[in-house]
Amino acid sequence: MGARAGVGALGLVLLAILVFLAVSSWSRQPAAAKPSIQPINFPHSLHVQTYKIDCQYCHSDARRSEYAGLPSVARCMGCHKIAGAALPEVKKLAEYYARGEPIPWVRVNKLPEFTYFPHKAHLRANVKCQTCHGPVETMTTFGAVTGPRLTNDLLNLVGLRPAPPPLTMGWCIDCHRRQNATADTHAPLDCVTCHH
Ligand code: HEC
Ligand code: HEC
Ligand code: HEC
Ligand code: HEC
Ligand code: HEC
């Protein structure tokens, strides 16, 4: 008896884990924004919606380089020498400025080193920031759930085809295929353009 019952029990445990992972993944979709811990609580919502500051005023490298870039402390201080100077989070900003230190923002979107993603090409093709990064203008704290997920891999394994999570290879390829089929673009599908 012993060995067979053991295997049966193991099977049940594995099945339970699979069901749990599948259910927790479905209940999470669409991926909820997960707040990240930043040195200063910077509200995109206030700056973009209330004060109508353009994304590219702060992320000004996006149209001309691989990176979107983050604004310098000096750029923030252009407004904050006066605006909100008494607010606690703005005071933190002024302290970095006085010490001449950059703000150690925590990076959220990060591809592995062996991939090549140029912002410039996507802006030239008129892909909106929000298509890839979500409704940033509504976020009080920027957050995103990105990269491969075990639950997606398992669902793919059993033949279901969940939408690939942002920043995975499937996500890039899906959009490139769709764009090339519907718009007159030549988004790369060959390995070496994205991996070199
Ligand atoms: C074009 C002007 C402008 C720029 C540039 C700007 N801000 Fe602001 N920011 C404002 C205004 C206006 C407020 C509202 C101040 C108030 O409520 O008195 C504000 C509010 C804030 C607040 C306070 C939010 C709160 O309610 O506690 C923080 C923190 C902040 N900004 C950080 C930054 C950082 C960091 C940068 C640079 C990445 C930056 N700001 C760039 C105009 C600007
Ligand atoms: C006033 C300056 C300012 C404006 C305007 C602004 N951002 Fe940001 N953005 C920041 C700062 C500072 C950070 C880093 C802190 C954070 O993640 O909240 C950031 C972070 C981000 C990130 C995450 C970077 C990472 O670590 O992966 C994205 C994506 C982003 N912004 C997109 C946008 C989009 C889209 C818009 C326009 C709808 C926009 N931003 C407008 C200042 C700005
Ligand atoms: C086609 C999808 C796509 C679009 C469109 C896009 N991004 Fe990104 N963004 C990414 C990816 C992927 C990364 C991670 C890149 C890496 O790690 O090399 C990223 C990273 C970032 C970062 C952090 C790293 C950096 O490059 O500085 C910021 C900030 C950012 N994006 C802002 C923006 C803004 C602002 C816009 C619109 C002007 C925009 N993005 C448009 C996909 C996109
Ligand atoms: C449009 C861009 C793009 C193209 C084309 C592309 N890849 Fe990728 N690939 C990525 C990105 C982004 C990642 C990192 C995210 C991930 O692991 O899903 C990646 C990850 C990988 C990985 C690592 C997977 C892992 O689990 O760590 C391998 C291996 C790979 N690619 C091989 C290939 C091969 C082979 C081709 C050609 C048939 C190819 N890629 C075409 C964007 C691309
Ligand atoms: C929402 C759609 C979308 C997503 C998501 C997307 N791309 Fe693209 N990509 C495009 C379009 C559109 C073009 C431009 C094609 C053209 O100019 O003909 C492009 C072009 C490119 C190019 C060619 C650059 C050049 O100089 O010609 C590279 C490399 C690239 N993408 C990599 C990636 C990688 C890596 C990812 C995933 C991390 C990704 N893309 C995600 C739509 C997308």
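Among the contacts in the protein chain with a separation of 6 or more, 59% join residues 24 or more positions apart. Two residues count as in contact if their C-beta atoms, placed from the backbone, lie within 7 Å. Keep in mind that this is a predicted model, where local features need pLDDT of at least 70 and side-chain atom pairs count only at pLDDT 80 or more, while totals for chains, interfaces and linings use all residues. Residues are numbered from 1 along each chain as its sequence is written, and chains are lettered from A and ligands numbered from 1 in the order in which they are written.

The chain's mean is 87, and 82% of its residues reach 70 or more. Over residues 25–33, though, the pLDDT is below 50, and this stretch has nine contacts in the model beyond near neighbours in sequence.

Now for the layout. The protein chain has 10 helices and zero strands, so from the N terminus on you read α-α-α-α-α-α-α-α-α-α. Helices (H or I, at least four residues) and strands (E, at least two) are DSSP runs, numbered from the N terminus. Take α5: its 12 residues should span 16 Å at 1.5 Å a residue, and the end C-alpha atoms are 17 Å apart, which agrees. That expected span is 1.5 Å times one less than the number of residues.

Buried residues make up 4% of the 196 residues in the chain. A residue is buried if 20 or more other C-beta atoms lie within 10 Å of its own, exposed if 12 or fewer, and partly exposed in between, with C-beta atoms placed from the backbone. F42, in the loop between α1 (2–27) and α2, counts as buried because it has 20 C-beta neighbours inside 10 Å. F42 and F142 are 100 residues apart in sequence, yet 8.2 Å apart in space, C-alpha to C-alpha. D174 sits in helix α9 and is partly exposed, because 13 other C-beta atoms lie within 10 Å. D174 and L189 are 15 residues apart in sequence and 9.7 Å apart in space, C-alpha to C-alpha.

Next, the ligands. A residue is near a molecule if its C-beta atom, placed from the backbone, lies within 6 Å of it. For the classes below, Ala, Val, Leu, Ile, Met, Phe, Trp, Tyr, Cys and Pro count as nonpolar, Asp, Glu, Lys and Arg as charged, and the others, Gly among them, as polar.

| Shell | Nonpolar | Polar | Charged |
|---|---|---|---|
| Ligand 4 | 10 residues | four residues | one residue |

Ligand 4 has 15 residues around it, with T168, M169, C172, C191 and C194 coming nearest. The elements giving two or more residues to that shell are α9 (169–182) and α10 (191–194), and α9 gives the most, with four.

Ligand 5 is surrounded by 23 residues, and A121, A125, C172, C175 and T185 are the closest. Two or more residues each come from α6 (119–124), α7 (129–133), α9 and α10. Again α9 gives the most to the ligand 5 shell, with five residues.

Definitions and conventions
pLDDT is the predictor's confidence in each residue, from 0 to 100.
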